[in-house]
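Hi,

Here is the structure I promised to send over. Have a look at it first, then read my notes below.

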Amino acid sequence: MKKLLAAVLIAIFSISALTSCGQGLSRFSVTYTDVFDTVTVITAYAKSEAVFNKAANAAHDELLRLHKLYDIYNEYDGITNLATLNRLCGESAQPVGKDIEILIKSGLEYAALTDGKLNIAAGNLTCLWHDCIANGTGLPTDEALIKAKEHISYKSVKLENGTLSFDDPKIKLDVGATAKGYAAERAAAVLEENGISDYLINAGGNVVSKGKKPDGEWKIGIQDPAKQTGEYRFIVAVKDKSVVTSGSYERFFEYGGKRYSHIIDLEKLYPSDRYVSVTVLCGSSADGDALSTALFCMSVSDGKALLKQKNAEALWIYENGEYEKTDGFKIYE
Amino acid sequence: MNKKTIADIILVCSVVLIAAVMLIVTTVNKKNGDKFEISVGGRVYGTYSLSEDRTVDVDGLCVVRVKDGAVYMESSTCKGGDCVKHKPISKSGESIICLPNSVVIRVLGETDADAVI
């Protein structure tokens with residue numbers, strides 16, 4: 001009798017193992033290289049390729065729209081984007097749309113919360129460095145950096161009743177630290193509107209996860225900074241969460257044998273070299289994006305205090321390979 | 001010994017079934033991919049085997065070479081050339097991406113991580 005019971009149990013287990021592999025959903029994936037100057041991968045489970053393609057195309061359209069809206073270098077016909085607003089808001093107040101309003105509002109909140117360590121009004125300073133990274137030219141001069149620092153006060157950015165103005169006419173907004181995170185969330189909403197409920201969006205290190213895979217939770221590898229792209233050091237398992245990594249290896253330039261990252265410490269006026277990467281786990285990709293950049297430029301203890309306010313967890317990896325993490329940051333393997 | 005019970009039959013069937021499931025799982029989870037995909041501007045350009053040495057000229061944008069079970073970017077018209085400096089890839093999920101030309105080479109197959117950031 002015992003043997004029969006054991007056999008039946010094993011049979012049930014085997015059958016469930018087999019059937020769990022197929023619930024009529026197949027896995028699809030697509031890679032885009034034309035939004036936010038980075039690589040975006042959408043992976044999802046869908047009933048058919050047609051269903052997936054329709055949803056992914058709609059999400060891609062949304063990403064393209066936001067890419068143009070948050071561009072601070074180029075203006076486009078027919079839309080008022082951040083480049084346009086940077087040009088006009090010093091002279092007169094300008095009406096802004098919902099997507100710009102949300103991003104600036106959140107940017108100003110983070111600027112106040114971090115005492116300007118994360119500052120959307122720092123465009124004058126960050127662009128000096130980003131131009132160096134893009135062109136591979138030498139470092140900006142101290143004179144240019146000090147001059148740029150005079151016009152980065154977020155307190156001179158006024159957003160009232162959907163209208164934006166700058167008290168300091170020389171202010172330039174730079175939403176590079178938060179735009180991708182917000183855009184990834186918007187793309188996620190579009191996937192859901194199109195009937196997709198189990199998906200993973202990775203917009204250049206900003207991951208939004210929803211639902212699960214037939215065999216369990218989504219697994220996100222945290223890049224091993226010492227190795228080449230794609231080789232992970234840790235894995236975290238997530239469900240309905242965002243994981244965002246800011247890494248000095250993402251975008252950088254080398255000069256005089258030293259590597260300079262794209263994340264600028266606004267107090268030192270130089271790229272931050274405190275960590276090689278900071279990964280944030282939280283409920284929203286927009287928050288994760290802002291937090292990972294902010295944490296990059298502060299001590300671990302200051303970072304932990306900030307994380308507590310936002311109910312988020314983090315993992316810091318140092319240049320020498322050592323790491324620290326918050327208690328709630330669970331490593332899967 | 002010829003008096004097989006129902007339990008014996010179910011047991012044997014179950015073992016065979018488990019073995020089959022394990023075989024499927026291990027086959028799918030193997031680390032070294034055997035195929036890779038090239039895509040341009042988000043569209044699949046072609047899928048190729050990693051086990052045959054060959055070169056693929058991708059619309060004059062770049063030349064992809066397969067050698068000894070690994071694939072790499074041999075040359076590219078892009079300005080930075082980071083894609084050409086990338087080491088050859090062979091494991092499932094690994095990719096070489098040329099952002100300026102919008103070319104992605106990716107080894108197909110299941111991976112432990114659904115994304116690496």
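In chain A, 58% of the contacts (heavy atoms within 4.5 Å) with a separation of 6 or more are between residues 24 or more positions apart. Keep in mind that this is a predicted model, where local features need pLDDT of at least 70, side-chain atom pairs count only at pLDDT 80 or more, and totals for chains, interfaces and linings use all residues. Residues are numbered from 1 along each chain as its sequence is written, chains are lettered from A and ligands numbered from 1 in the order in which they are written, and side-chain values use heavy atoms, leaving out hydrogens and water.

Now the rest of chain A. Its C-alpha trace spans about 85 × 45 × 35 Å along the principal axes. Of its 333 residues, 51% are buried, meaning under 20% relative accessible area with a 1.4 Å probe, protein chains only.

B:Cys83 is buried, at 3% relative accessible area. Leaving aside residues up to four places away in sequence, B:Cys83 touches B:Met73, B:Ser76, B:Cys78, B:Ile96, B:Ile97 and B:Cys98. B:Ser39 is 44 residues from B:Cys83 along the chain, and their C-alpha atoms are 14 Å apart.

Cheers

How values were computed. Buried means under 20% relative accessible area, exposed over 50%, partly exposed in between (1.4 Å probe, protein chains only).
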